[in-house]
Amino acid sequence: MIKRLTDLAKNETGTIVDFDETDPRLSVRLREIGFAEGDSVTPLHFGLFGKNPMSVRVNGALIALRRKDAHAILLKSIPTEVTP
Amino acid sequence: MLRLALLGAPNCGKSSLFNALTGGKAKVANYPGVTVEYRKGEFALPSGQEIELLDLPGVYGDCGHSMDERVALDAVRGDLDGERAPDAILFMMDASHINTHLHNVLQAKNHGLPIILVLNMMDMAARDGITIDLTALEREIGIPVISCVAVRGSGRSLLLDFLEDWGGDVTHGSAAKPDPEQIDLKDLQARARSITSNAVSRVQKAETFSQRIDNWVLHPFFGIILLFIILFVMFQAVYTWSGPAMDLIETGISLLQRGAAAILPEGLITSLVVDGVIAGVGAVLVFLPQIIILFAFILLLEASGYMARAAFLVDTLMAKVGLNGRAFIPLLSSFACAIPGIMSARTIEQERDRLTTILIAPLMTCAARWPVYFLIIGAFVPAEKVGPFSQQGLVAFGLILVGVFFALLMAAIFKRTLTKGASSGLLIELPSYKAPVFKDYLIGLWDRGMIFVNRAGRIILPASVLIWGLMSFPTHATTTAQTWAGKVGGLIEPILRPIGFNLEIAISLIPAMAAREVAVSSLATIYSIGEVDTDVKLTELIAANWTLPTALAFLAWFVFAPQCLSTFAIIRKETNSWKWPLFAFGYLFVLAYFAAGITYHTALAMGLS
Ligand SMILES: Nc1nc2c(ncn2[C@@H]2O[C@H](COP(=O)(O)OP(=O)(O)O)[C@@H](O)[C@H]2O)c(=O)[nH]1
Ligand SMILES: [Mg+2]
């Protein structure tokens with residue numbers, strides 16, 4: 001099964017392998033703001049209802065996005081260890 | 001003159017640099033989407049070389065998804081009406097975000113203009129343990145890289161030194177043009193990541209300062225409570241701290257009135273000065289302390305980095321009504337004034353979402369409505385405390401919440417009818433927390449205060465003179481209804497009588513089309529013409545002349561307050577059609593009318609008087 005950014009728990013780290021191109025504009029947007037293949041991503045905060053929206057640490061930046069959009073970020077299926 | 005453009009991601013410090021160099025007054029705040037228009041300014045290097053600088057909205061890539069991004073890209077490409085393309089680009093980047101943003105500068109090389117990378121906020125990067133090998137970076141990207149701290153004089157000197165030589169080269173056409181990069185975003189990102197992995201090193205800290213704060217601020221539960229507390233304290237402070245300053249201004253105004261009455265000859269001239277000008281303008285100026293306190297809070301929140309967090313916290317609510325997550329910031333700006341708020345809706349990509357946001361922006365309680373609230377609340381709500389809280393502050397907070405509630409309700413209705421369609425998400429960078437730059441903060445506060453005072457001079461003064469004129473003639477008139485003002489007001493009074501408005505209110509609403517607070521100054525002029533004793537406060541006159549149901553209806557009207565010509569002018573400009581401003585006026589009028597009517601009759605039925 002494909003693992004997505006939305007599958008990560010709080011403070012769990014994953015590595016981006018690809019983007020879901022269903023909405024090509026969205027994937028461009030995600031890339032432009034700073035997500036790329038090989039980046040480590042860690043969700044740090046979730047909203048009150050349905051864990052929506054979420055904030056994600058990527059390369060030292062903190063980016064807030066809705067789960068619908070986070071869904072387009074595909075991760076390596078085995079989560080890497082949390083680096084201390 | 002040499003023309004340079006400031007390009008770069010939102011919130012990297014472009015406007016700060018622009019202000020520092022050109023002495024300009026672009027708005028600076030710590031959240032993305034502050035600048036939505038281009039701005040020009042000039043400065044001279046120590047050598048005398050003159051430079052024209054363009055401050056632009058932030059852009060991430062070169063696609064121009066939203067209107068503000070297109071403004072920036074058009075400016076760089078020379079596609080803006082009446083503006084030539086810049087001679088070169090200063091590409092700014094937040095040094096702490098170099099790992100995520102480096103590909104943006106690679107993309108910008110493809111504009112084909114001479115370009116340098118200005119790595120800003122080096123102070124923050126140093127604090128967070130980020131070291132950047134500038135020489136390696138320069139070699140890999142192939143353009144000059146200059147480090148910078150835009151908010152400090154010493155932090156800008158490297159850049160200015162560099163511009164001495166480079167500026168001359170650009171003028172003579174001898175500055176190097178960058179080699180073009182690939183186009184494909186994915187390849188560019190891969191190249192950017194390989195550059196940063198060599199040139200940038202980070203000391204891994206367990207948790208940064210910002211992260212520790214965010215554990216509380218962004219907490220799903222405590223975060224929302226905190227947001228509420230902040231807003232609540234803000235409105236309480238506006239009421240409880242402003243008292244002494246307001247007393248001072250009131251004393252000043254009544255001294256002025258007495259002085260004028262003593263010096264000037266008895267008759268029309270005195271009445272014009274005392275009842276028209278001083279009473280009218282003074283009635284609004286008394287509220288300056290409250291406006292200053294309000295903005296002291298807002299600017300602090302803006303500068304600290306909290307705004308983007310607030311957007312995160314309320315996003316669930318925005319999503320529920322179908323609003324775009326980015327709509328939060330334009331709506332928040334509308335608390336100052338709907339005009340910048342409506343303009344900053346440009347950051348919203350989808351046209352329909354932008355339109356929805358524009359249509360509901362006037363429901364946010366703008367600063368011009370505060371004097372009306374202050375006046376009526378001051379007249380009818382006792383200045384007592386409920387427990388530790390100011391009762392007046394509670395009522396004001398309540399009125400604002402009513403506005404917000406209706407904004408969300410209308411958004412939900414529009415999204416299901418007029419502006420149907422999927423809305424996109426939030427996607428916003430949460431900046432790290434910063435202490436406000438003291439100078440920027442004071443300038444911001446001064447600007448807001450001056451806007452308020454200037455309006456008193458530009459709009460309220462002429463409106464007061466006008467109302468005074470209409471109220472004073474014909475001179476044999478003995479009641480308000482017999483004056484010219486009474487005749488004009490009488491035309492609309494029949495429409496307003498069913499919702500509890502009297503003739504004085506009808507008269508005051510007409511000039512209030514120019515600015516909402518003119519309603520207050522007009523009432524002051526109307527009531528002070530009939531009043532012999534200049535020391536009676538307007539709040540006391542209102543309390544004596546109005547019934548409680550009328551006052552409540554008036555407040556309800558101003559929650560919606562359809563009248564404001566400049567708001568409709570900006571809606572017309574931003575939507576490029578007459579349809580939407582007319583629609584906005586129509587729906588706001590209907591809401592205001594029914595809200596006032598329902599309030600009035602409910603209050604009557606409850607036996608309030
Ligand atoms: N510490 C620090 N803060 C900065 C620096 N430059 C800008 N800022 C702050 O960063 C925030 C964003 O600045 P602004 O000029 O509005 O960015 P823009 O969106 O690129 O125009 C503001 O809070 C500034 O006070 C800098 O060099 N160092
Ligand atoms: Mg700016």
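Predicted model: local features only at pLDDT ≥ 70, side-chain atom pairs only at ≥ 80, totals over all residues.
Within chain A, A:Lys51 sits over the face of A:Phe46, 4.8 Å from the ring centre.

Apart from neighbours within four places in sequence, B:Leu218 is in contact with A:His45, A:Phe46, A:Ser55 and A:Leu62, and on its own chain with B:Arg309, B:Phe312, B:Leu313 and B:Leu430. B:Leu218 belongs to the loop between helices H8 (209–217) and H9 (222–240) of chain B. Its relative accessibility is 0%, so B:Leu218 counts as buried. The C-alpha atoms of B:Leu218 and B:Arg309 are 6.8 Å apart, although 91 residues separate the two along the chain.

B:Arg309 is one of the buried residues of H13 in chain B. This helix spans residues 306–313, and eight of its eight residues are buried. B:Arg309 also lies over the face of B:Tyr433, at 4.2 Å from the ring centre. B:Tyr433 is in turn among the contacts of B:Ser304, together with B:Asn30, B:Ser432 and B:Lys434, when neighbours within four places are set aside. B:Ser304 is in helix H12 (residues 288–304), and its side chain reaches the backbone oxygen of B:Leu301 at 3.0 Å. With a relative accessible area of 18%, under the 20% limit, B:Ser304 is buried.

The magnesium ion (ligand 2) is coordinated by OG of B:Ser15 and OG1 of B:Thr35, at 2.0 to 2.1 Å. These two residues are 20 apart: B:Ser15 is in helix H1 (residues 14–22), and B:Thr35 is in the loop between H1 and strand E2 (39–44). Both B:Ser15 and B:Thr35 are buried.

B:Trp241 is in the loop between H9 and H10 and B:Phe297 is in H12, so the pair ties together parts 56 residues apart in sequence. B:Trp241 is exposed at 55%, whereas B:Phe297 is buried at 18%. B:Trp580 and B:Phe583 form an edge-to-face pair, because their planes meet at 85°, with ring centres 5.7 Å apart. Both are in helix H27 (residues 579–605), three residues apart, about one turn of the helix. B:Trp580 is buried at 13%, and B:Phe583 is partly exposed at 28%.

Methods:
Residues numbered from 1 in each chain as written. Chains lettered and ligands numbered in written order. Heavy atoms only, no water. Donors = N, O, S within 2.8 Å, 3.2 Å for Na, K, Ca; no water. Helix = DSSP H or I, 4+ residues; strand = E, 2+ residues; numbered from the N terminus. Buried < 20%, exposed > 50% of the residue type's maximum accessible area, 1.4 Å probe, protein only. Polar contact = N/O pair within 3.5 Å; in protein donor to acceptor, adjacent residues only side chain to side chain. Contact = heavy atoms within 4.5 Å. Phe/Tyr/Trp six-rings, centres within 6.5 Å; stacked < 30°, edge-to-face > 60°. Lys NZ or Arg CZ within 6 Å of the ring centre and 35° of its normal.
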